[in-house]
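Here is a friendly walk through one protein chain, from the overall picture down to single residues. Please keep the model open beside the text as you read.

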Amino acid sequence: MTVDSVARTKLTVSGQPMSAPLQDVRTLSRHMVGHFVENVVPCGTLPGDAISGDVTTITRVCLELAVSVLDGQDIPEKTRRLENAAAGWAREGVPIDTIHHAIHEGFKLGLDLVVSNATVTDYSNLVDGAKLVVEMLDRVTVSISMAYVRELRSVVSEHHTAVHTLTSALLGGHSTSTMARECGIEIAAAYRVLAVAIPAHPDEAVPALDGKVVARRKLRRVQAELAIRCGDTALSLLSVDGGTVLLPAQARADDALDELIAQLSKAAQVPITAAVVESPTAQVPSAADQAHELLDMVQRLRCVPGLYRFDDMALEYQLTRPGPGREYLGSLLDPLDDHPELLETLQRHISNNLNRQRTARLMHIHTNTIDYRLKRVAQLTGFDPTQPSGLWYLRSALVARSYRTN
C-alpha cells in the first residue's frame with residue numbers, strides 16, 4: 001500500500017474513522033508542542049518565538065497531513081508548506097536534529113491516540129494504518145530534509161562565498177577587480193567603513209536555551225535587515241558579536257547611518273554600537289583599523305550604544321596614542337584607586353552625558369549620592385567634574401587610563 005493508493009481503503013477503528021482522534025488539530029497541536037518543550041530536550045532549548053511560531057505551526061500542518069492521508073485525500077499542498085518551513089529553519093540556524101526529534105515524537109503521540117480505542121477486530125486496519133504512518137513519516141522526513149539542505153546550500157552558495165572573498169580582499173588591500181566582476185558588484189570609489197559591536201542577546205545566557213541557536217538567529221536577523229536596507233551594496237564580514245561593514249560612500253547620506261544602526265539594533269533585539277570612518281577604496285584597510293580602534297575606545301569608555309564618527313571623537317582618539325601625555329593624564333585618576341565606587345560613578349556619569357538622574361537610576365542609588373561622590377572626586381583629584389575645565393581633564397584621564405592599564 002502507498003500513500004497515493006490510500007483512497008481505495010476506508011480505515012476505521014472501533015467503527016470510527018481512524019483520523020477521528022486527530023481532527024481537532026488546533027487543540028492537539030498546542031498539547032503536542034507543550035509535550036515537546038517538556039520532554040524533547042532540543043525543543044526546550046529553542047527561543048520562545050520559535051516555539052510559539054514555527055514549531056506550533058508545523059505541528060498543526062503535520063496533523064492536517066496525517067488526517068488527509070488517513071482519509072485518503074491528496075497532500076501536495078501540505079508537503080510544500082513543510083518544505084517552506086524547513087527552508088526558514090535552515091536560514092535561522094535551527095538544528096536539523098531538533099526538527100526530526102519533534103517530528104518523530106509527534107508521530108508517536110498521534111499513533112497513541114489513534115490506537116487507544118482499538119480492539120482485536122481492528123487488527124487488519126491497524127496494520128494498514130501502521131504502514132501509512134511509516135509512509136507519512138518517510139514523506140515528511142525526506143521533504144523537510146531535502147528543503148533544509150537545499151536552503152542551507154543556498155545560504156553558503158558560491159555568490160555569497162565570492163562576496164565574502166571580495167570583502168576580505170578590500171579589507172586586506174588586495175586587487176578586487178576580477179572578483180568584483182564575478183560577483184556582479186561594482187567597486188565604489190570610496191567607502192564608509194563601519195566597525196560593529198553586537199552584544200549578546202539576553203536569551204544567550206538563559207541556561208534552559210541553546211545560546212548558540214539564539215546567537216545565530218540574532219546574526220541572521222541583522223544580516224537580513226542589512227540586506228533589506230542596503231541591498232547588494234553592503235559588503236560585510238559579521239559574526240555573532242560584530243565585525244566590519246563596507247558601505248559605498250555615495251549610496252546614502254551620512255546622517256542616514258544613525259538610522260541604519262538603529263534599525264539593525266531593532267532587528268538584533270540588542271543595542272548595537274558602531275564606529276564609522278570614510279576613506280577612498282585604496283585606504284579601506286587602514287580605515288578599518290582606525291574604525292575598530294575608535295570602537296574599542298568607545299566601548300572602554302562605556303559610551304551609550306549608537307553610531308560614533310571619528311570627527312566626533314578625534315580628541316579622545318588622539319589621547320589613546322602612546323606617549324608621555326597619555327601617561328600623565330592616566331595618572332590623574334590614581335587617587336581614586338582606593339575608591340572604586342567613585343571611579344565607576346565618574347565613568348558612568350560622563351558616559352551618560354552628565355545626566356545625574358540616568359546615572360543614579362542605572363547605579364540604583366539616589367541622585368544626592370551621585371552629587372556627593374562627584375564632590376569627593378573633585379577633592380581627591382583636584383579636578384571638579386561639575387566645571388568645564390575639570391571635566392575636560394577627567395574625561396581625558398579616563399580615556400588615557402583605559403589604555404594605560406592594558
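What follows covers the chain as a whole, then a pocket and a cavity, and lastly a few individual residues.

**Ground rules**

This is a predicted model, in which local features need pLDDT of at least 70 and side-chain atom pairs count only at pLDDT 80 or more, while totals for chains, interfaces and linings use all residues. Residues are numbered from 1 along each chain as its sequence is written, and side-chain values use heavy atoms, with hydrogens and water left out.

**The chain as a whole**

The chain holds 17 helices and 7 strands. These elements are DSSP runs numbered from the N terminus, with helices being H or I of at least four residues and strands being E of at least two. Of its 406 residues, 48% count as buried; buried means under 20% relative accessible area, exposed means over 50%, and partly exposed lies in between, with a 1.4 Å probe and protein chains only. The chain exposes about 20,400 Å², and carbon and sulfur atoms supply 53% of that area. Accessible areas come from the Shrake-Rupley method with a 1.4 Å probe, and for residues only the protein chains shown count as cover.

Contacts here mean heavy atoms within 4.5 Å. Among the contacts in the chain with a separation of 6 or more, 70% are between residues 24 or more positions apart.

**A pocket and a cavity**

Both kinds of space are found on a 1 Å grid over the protein atoms alone: a cavity is a set of points where a 1.4 Å probe fits but cannot get out, a pocket is an open set with protein on both sides within 12 Å along at least five of seven lines, and lining residues have an atom within 4 Å of a point. Grid points are joined across faces, edges and corners, and a volume is the space filled by probe spheres set on the points.

The second largest pocket has a volume of about 270 Å³. Its lining consists of 15 residues, and Thr273, Arg302, Cys303, Val304 and Pro305 lie nearest the centre. Domain 2 (188-319) and domain 3 (323-402) each provide at least three residues of this lining; the domain bounds come from an automatic or database domain assignment. Helix H14 (340-351) and helix H15 (356-363) each supply at least two.

By the grid rule there are 2 cavities of 30 Å³ or more. The second largest cavity has a volume of about 40 Å³, and its lining is made up of Leu301, Cys303, Gln347, Ile350, Ser351, Arg395 and Leu398. Two or more of these residues come from each of H14 and helix H17 (388-404), and H14 gives the largest share, 3 residues.

**The loop between H14 and H15**

Most residues other than glycine have a negative phi. Against that background, Asn353 is worth a look, with a positive phi near 55°. Asn353 sits in the loop between H14 and H15 and counts as exposed, at 62% relative accessibility. Leu354 is found in the loop between H14 and H15 as well; its phi is positive too, at about 65°, and Leu354 is partly exposed with a relative accessible area of 38%.

| Residue | Relative accessible area | Class |
|---|---|---|
| Ser29 | 1% | buried |
| Arg401 | 13% | buried |
| Ile96 | 28% | partly exposed |

The contacts below leave out neighbours up to four places away in sequence. Ser29 belongs to helix H1 (residues 25-39) and touches Thr56, Thr59, Arg60 and Leu63.

Ile96 is part of helix H5 (residues 96-115), where Ile96 touches Ile144 and Tyr148.

Arg401 lies in helix H17 and is in contact with Gly330, Leu333, Asp334, Asp337 and Leu343. From C-alpha to C-alpha, Arg401 and Leu332 are 8.7 Å apart in space and 69 residues apart in sequence.
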